Every structure is written in C-alpha cells, then in structure tokens.
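Me: Please walk me through a few local features of this model, one question at a time.

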Amino acid sequence: MDLEELTRAIEASDAGWRPGETTLSPYEIGPDTIEFFGYVPGPDEPPLEEQEQLAQSGLEAYMALDVRLFPDAHDWRAAEGGNFVTPIKDQARCGSCVAFGTCATVESTHLVESRRPDGDVDLSEAHLFYCIARRQGRRCSGGHGGWWVPPALTAFQEEGVADNACYPYQAGDQDCTHLCEDWQSRATEIGSWQELSSHDSMKEWLAGRGPLVATMTVYEDFVRFYTGGVYTHVAGRRAGGHCVCIVGYDDNEEYWIGKNSWGTGWGESGFFRIAYGQCAIDSSMWAVADVSVPSEQAV
C-alpha cells in the first residue's frame, strides 16, 4: 500500500482523516514488525480479533444509554487551566509500548492528583521493560516480543519504577544493564489499579481522575500514514497490537484522544484521535490511583 492508493481509498470511503508522510512511512509494516508496537494479549485476555468485536458491542451499549453523568468532552492537555500530559516519547524499534503507555498514564495521574499541571515527572520505561518485563521473559521482538498491561501495573504497585534519569531509554534488548544503584529510593509506586470495561466508566474516570491505559489493533494505514483527523481503519494489513495512553474524549464527534510513543513526527505531533469502537481501542482500559512519587521528584 502506498500513500496515493490510501488517499484514494479514504476519499472513496469518506473516512475524513488526513494521510501523509510520517517518520514510520518508510517501513514495511506487517505481522512480524512487533518491534514498532509490542502489545500482545495476555494469557487471560481475548485475541485481538475478539477484542475488536467487544469494542463494537461496547459502543452499541453506550449509544443506548439514556443518561450520561459526565461532560460531553474532556482533554487533559487543556484542563483546569493547565496541561496534565507529559511530553511525547519515542519507543523506536523495540516492542516496549506497554511500558510507554503505562508510564505515561502514571505520570499524568500524578500530575492530576497533585494538581500540578505542566509538571516534569519523567518515569523510566527502560526500568519497566528491560528489568521487570525482561525478568518475565519479554523482549523487544521475536517470539517473546512485547508485553501486556496487568503485569506492568502490578510492577508499579508492588516494587515501583524509577525515574528516567536513573535508567534512560534506548531501543534494543538490555539485561537491566544501566539501572542506577539507588533506584529503590527513586521509585514511583501506585496504590491501586483497575480495568474498566464500559464507555461510561472510562469517561467518568477520564473526566475526573486522569488518563487511562488502552490497547488497540494497529493497521498499516494508521502506522505509516496517519497525520491527523479522526482515524477509522480504511486499508492495509493488520500489523499487531499496540498500547497507548488515552488523555481525553469527545462525545460530540465521537472520538478518543490518544498519546502515542512514536515521536512527534507521527500523527498530530505524536497524538491521535480515533473513532469510538475502532480497532479494539475501547474494548477495555486501565486506571491507576494513589500515585506516590519520591519527594525530590515531586517538586
């Protein structure tokens, strides 16, 4: 699939999103390119195809609701007079997206809970993936490439994750090689986490308590050519599973706002909008609460 072919397909389908060249456009994207994504369903989770069906069923149930007890729209990038979303990062060529999606959610939740917009908390995806996920047998690519969300959140709850300066991220398998010696005194922890399975519970949380972790199916058109607008899948192969942070929603135009981990040269400066029910994005999401950051990092 090339850009010209996709542009024609979008025009024919009235999809309404903007295709163009991105930092991932040069790559061939297919089922074996997990190093750009990295979510794989866990042992107790349904396969991606079934998750897509669950998302559609959830959307139908939501549209049938008579009463909605939350605002029509919310965006933590511009909420309560400030920005509670930390900067876009780039996982590069390693299937570490779960570490990025969970760290982003914990970072923003801390800023919301502490009422500290524009804060600079910066957690170590390298510690979470190259130390904790690696102990569980996970790698950047191959048969054991990628990870899933619950063990990442459990790691935050049971042992904590250090700040980025303790173990800066670089793409490529590492055996916890560069973790600082005093990481335990620098670890951020969460008090609890929970899975949300309905649109109304997701939006109630987003509107009042902070962003959420989400997983989705990614297709070639999204990965290589999404530059803006409300995404719906139009063309191209299924590439795999991906984990992101959801920072808002809009009921008027029926989309979620996602924070991605493919750098600022992709999408809407690293963010994206995706229609409700698309690509399993809302089959379920995960919330975190009671974030505890070491005092020297919380200032």
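Reply: Asp-72 sits in the loop between H2 and strand E2 (73–75), where helices (H or I, at least four residues) and strands (E, at least two) are DSSP runs numbered from the N terminus. This is a predicted model, in which local features need pLDDT of at least 70, side-chain atom pairs count only at pLDDT 80 or more, and totals for chains, interfaces and linings use all residues. Residues are numbered from 1 along each chain as its sequence is written, and side-chain values use heavy atoms, with hydrogens and water left out.

Me: How does Asp-72 count by relative accessibility?

Reply: Buried means under 20% relative accessible area, exposed over 50%, and partly exposed in between (1.4 Å probe, protein chains only). Asp-72 has 48% relative accessibility, so the residue counts as partly exposed.

Me: Which residues does Asp-72 touch, not counting those up to four places away in sequence?

Reply: Contact means heavy atoms within 4.5 Å. Tyr-249 is 177 residues from Asp-72 in sequence, yet their C-alpha atoms are 8.2 Å apart. With residues up to four places away in sequence left out, Asp-72 touches Tyr-249, Asp-250, Asp-251 and Asn-252.

Me: Is Tyr-39 buried or exposed?

Reply: Tyr-39 lies in the loop between strand E1 (18–19) and H2. Its contacts include Leu-48 and Gln-51, which are among the buried residues of H2. At 3% relative accessibility, Tyr-39 counts as buried.

Me: Why are the buried residues of H2 said to be on the same side?

Reply: The buried residues in H2 are Leu-48, Gln-51, Glu-52, Ala-55, Leu-59 and Tyr-62. They cover an arc of only 105 degrees around the axis, which puts them on the same side of H2; the arc is that of the directions from the helix axis to the C-beta atoms. In general, an α-helix has 3.6 residues a turn, so residues three or four places apart point the same way.

Me: Which exposed residues does the face of H2 turned away from its buried side carry?

Reply: The buried residues of H2 have a cover that includes helix H6 (199–208), strand E4 (212–219) and strand E7 (238–250). The face turned away from the buried side carries the exposed residues Gln-53 and Glu-60.

Me: At roughly what angle do the axes of H3 and H5 cross?

Reply: Val-98, Thr-102, Cys-103 and Val-106 in H3 meet Val-149, Ala-152, Leu-153 and Phe-156 in H5. Axes are lines fitted to C-alpha atoms, for helices over the stretch in contact, and angles run from 0 to 180 degrees between N-to-C directions. The axes of H3 (residues 97–113) and H5 (residues 149–158) come within 10 Å and cross at roughly 45 degrees.
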